[in-house]
Amino acid sequence: DWHFNMHEVNAGNATIPGTLIDMATTTTREVAALTVKYYVITASPDAPCAATAEIEFAAGWNLISLPIEPCNRAVDAVLWTQGRDGEEEEAGAMRDGRRGTIYTGAVWRFVNDGVNEGHYEEVTELHALVGYWVYAPAAVTVTVTGTAPAGRESLALNKGWNLVGPAEDVGTPQNADLQGHAWWWDTAAGAYAALDPAGVGAFKAGKGFWLFAKRAFSLDLGR
């Protein structure tokens, strides 16, 4: 059987993170009147949800991203781990970093439409290639099951600050339309650190990064 997904792209045909739609479960899409939207439909003979990724959390605030699109995008479904005896625990049963959901409080993302001043918002779903703030009371590794994100070779950036992550380890992004460094959060130090511009594989999958764009454009990750 074929599996169909639809995702939104910008005018430059770059995928907009967080817009993937599984057409097996979602059959309609509303677009506001007088609004132009661009979508791409992809079909794959591969079984859905065949990819996995491990996301490592340190105790404290973590700036993470997902390199794959999770099958179940609900926060509590993604940010959970198995019990100490290896059996699955009900999501939300405990928040101690050992079983149940592994985070405390809310999960946050940074919203920037390129026009208005950016702001944080609490999320109920997690998507690939988007950066998120997560507070983990204890160090833990979470295994996420999902599908490879469409358009993973590039990131759609808006003017200003963007909080994003790659689908795989690549070199530090280099582009004339980027300003300053790429920044990541060092949980152990409790501080931001700049990526080495010459760092090979420094732009790591599973981590979230701040990038400042001088204008809206599609960032080629140079795979």
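These are my notebook entries on a few spots I looked up in this structure.

**Ground rules.** I'm working from a predicted model, where local features need pLDDT of at least 70 and side-chain atom pairs count only at pLDDT 80 or more, while totals for chains, interfaces and linings use all residues. Residues are numbered from 1 along each chain as its sequence is written, and side-chain values use heavy atoms, with hydrogens and water left out.

**Confidence.** I checked pLDDT (the predictor's confidence in each residue, from 0 to 100) before anything else. The protein chain has a mean of 86, with 88% of its residues at 70 or more. Residues 83-99 fall below 50, yet beyond near neighbours in sequence this stretch has 35 contacts in the model; a contact means heavy atoms within 4.5 Å.

**Asp22.** I found Asp22 in strand β2 (residues 21-22). Strands (E, at least two residues) and helices (H or I, at least four) are DSSP runs numbered from the N terminus. Asp22 is buried, at a relative accessible area of 18%. My cut-offs are under 20% for buried, over 50% for exposed and partly exposed in between, with a 1.4 Å probe and protein chains only. Setting aside neighbours within four places in sequence, Asp22 contacts His3, Phe4, Asn5 and Arg73. His3 is 19 residues away in sequence, and the C-alpha to C-alpha distance is 8.4 Å.

**Ser154.** This one sits in strand β13 (residues 154-157). Ser154 counts as buried because its relative accessibility is 16%. Beyond four places in sequence, I see Ser154 touching Ala14, Ser218, Leu219, Asp220 and Leu221.

**An open sheet.** I traced 4 strands in the order β14-β17-β15-β16, with antiparallel pairing; two strands pair if DSSP finds at least two bridges between them. At the edges are β14 (160-164) and β16 (191-194), each pairing on one side only. The twist averages 30° from one strand to the next, taken between N-to-C directions on a 0 to 180 degrees scale, with axes as lines fitted to C-alpha atoms (for helices, over the stretch in contact). Strand β15 (residues 178-186) joins β16 over 4 bridges, and Trp185 stands opposite Tyr192 in β16.

**Two leucines with positive phi.** Which loop holds Leu34? I found Leu34 between β2 and β3 (38-44), with phi at about 65°. Leu34 counts as exposed because its relative accessibility is 92%. Leu129 has phi near 70° and lies in the loop between β10 (119-122) and β11 (131-136). Leu129 is buried, at 3% relative accessibility.
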